[in-house]
Every structure is written in C-alpha cells, then in structure tokens.
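Biologist: I would like to learn how to read salt bridges, pockets and surface patches. Can we take them in turn?

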Amino acid sequence: MATTKFQLIMRSGPVPGQAVLLEKEETFLGRDLGNDFPISDPEISRRHARFFIQDENVFIEDLGSTNGTFLNGERIASPQQLRKGDLITFGESVVLVFDKLTETTDPTVVKPFVEAAPPPVYAPPAPQPQYEPQDEVGSHEAWQYQQPAYEPPLRKSVDDELPPKKKKRAKAGLPTGIVILLVAIAVLACVIAVTMYFMPASWWCAITFDMLAGCPVP
C-alpha cells in the first residue's frame, strides 16, 4: 500500500537544508516560537502563513503578513494548491521547496525467485612455452644481436690534458687586485709625463734648486 507524505525543505534562509513534515491538518509558519515551523528572520511575520491538507492535497494561505508570501515568484492573495517542486518565498531571503514522498508498504509483495548463477569452473592455466636451444648458427646470430653498439671514446679537450696545477692557473688568470694596481701605475705614469712635458722652466729650476743651465729664470 502506497502512502504519501508532504514536507517543506528550506533552500535558503537561517537553516538551509532544514526539512519539516506536514503531518497535521494545519501547520503554521512564522517568526514566533509558538508556530509549528518557526523561522527566525526579521522579514517573517509572527504568524506568516499556514499550510493545510484537504482531499489529500496541500494548500498554502498567507495570513496577512507584512512582506507577503510568493508561490513560484508570484505573490498570493488566496489559498493556493501546492505541487511537487513548487518554490515558496517569504520576504526576500527565505525560500522553501514543497516535496512529496511516496512510500510502498505492501507485505504481500514477494520478490521473484532468481536462480543463482553456477559457480565458476576452475580452468588450469595454459602451459607456458618451454625454452628450446637454438643451433650454433642461431646462437651466434643472437649473440651478435645482443652486443651493444660500439661507441668511440670521447676526445679530451686541451684543458683536460693539462696538469692539475697548470689547468688551475690557466682558468684562474691574474688576480683582480694586481690588474687594478697595474692600471693605476700606468695612469699615474701618464699623468706625470704629461705634467713634466708642459711644466714651465721656473718649476724645473725650483725642483733642481737652480742647478740646471739657465737657472734662475729671470
């Protein structure tokens, strides 16, 4: 025998996924805790709507709420029959889904007899092919085939042929400090040479303490 039950499932609201069975002839919904289905939401009136069962059908009625009751997006002004999958909206954020549950409780139903499948027959494994030695020619050809290809040795570079100490010196080169010192000495020598070339005669007399010919300069 099939029995039908009705339930409301909260899709969005304070407790998403909450389900309530409509088992009584009248079920009241509202913000007040005295309702059969209390919902704590400021947009829900204290006694917002009622659900009642009539001729094995469920109807919804708005009880003069402030924000109204909407069935599938349309505001209702009179009792409306609910169908499976209908969306009921209260205010702007609370959405319920109406659902029907059909249960079959018939003790006289007997499952048909199903003959059990016979057990699997054991089959011995197939014999594996045994190794048969080849003749002398075949063995020689197989041996030649298994030989790895000849790879010539890699040619060493010039750096690899140098002794370890010479190789290290060749790669290291002169230290950076010595290079900077040599460049500084060369620059200083150029500056001194240019200065001495363009230096006036009076400076030469002063440096040599008037020991040069023509000193002192008048």
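Modeller: First, the ground rules. This is a predicted model, where local features need pLDDT of at least 70, side-chain atom pairs count only at pLDDT 80 or more, and totals for chains, interfaces and linings use all residues. Residues are numbered from 1 along each chain as its sequence is written, and side-chain values use heavy atoms, with hydrogens and water left out.

Biologist: How many salt bridges does the structure hold?

Modeller: A salt bridge is a side-chain nitrogen of Lys or Arg within 4 Å of a carboxyl oxygen of Asp or Glu. The structure holds 4. In one of them, lysine 24 meets aspartate 36 at 2.7 Å, N to O. That pair links distant parts of the chain, 12 residues apart: lysine 24 sits in the loop between β2 (19-21) and β3 (26-30), aspartate 36 in the loop between β3 and β4 (37-38). Strands are DSSP runs (E, at least two residues), as helices are (H or I, at least four), numbered from the N terminus.

Biologist: Which residue forms a salt bridge with glutamate 26?

Modeller: Arginine 50, with the closest N and O atoms 2.6 Å apart. Arginine 50 lies in strand β5 (residues 49-54) and glutamate 26 in strand β3, so the bridge ties together parts 24 residues apart in sequence. Glu61 joins Glu26 and Arg50 in a network of salt bridges.

Biologist: Is arginine 50 buried or exposed?

Modeller: Buried means under 20% relative accessible area, exposed over 50%, partly exposed in between (1.4 Å probe, protein chains only). Arginine 50 counts as buried because its relative accessibility is 17%. Glutamate 26 is partly exposed at 37%.

Biologist: What volume does the largest pocket have?

Modeller: A pocket is an open set of points on a 1 Å grid over the protein atoms alone, where a 1.4 Å probe fits, with protein on both sides within 12 Å along at least five of seven lines; lining residues have an atom within 4 Å of a point. Its volume is the space filled by probe spheres set on the points, which are joined across faces, edges and corners. Here the largest pocket has about 210 Å³. Its lining has 10 residues, with Thr4, Lys5, Phe6, Ile53 and Glu56 nearest the centre. Strand β1 (residues 2-12) gives the most, 4 residues.

Biologist: Which residues form a nonpolar patch on the surface?

Modeller: Patch members have over 30% relative accessible area and no salt bridge; nonpolar side chains (Val, Leu, Ile, Met, Phe, Trp, Tyr) are joined within 5 Å, like charges within 9 Å. Accessible areas come from the Shrake-Rupley method with a 1.4 Å probe, and for residues only the protein chains shown count as cover. Ile178, Leu181, Leu182 and Ile185 form the patch, with about 390 Å² together. Isoleucine 178 is in helix α4 (residues 176-197).
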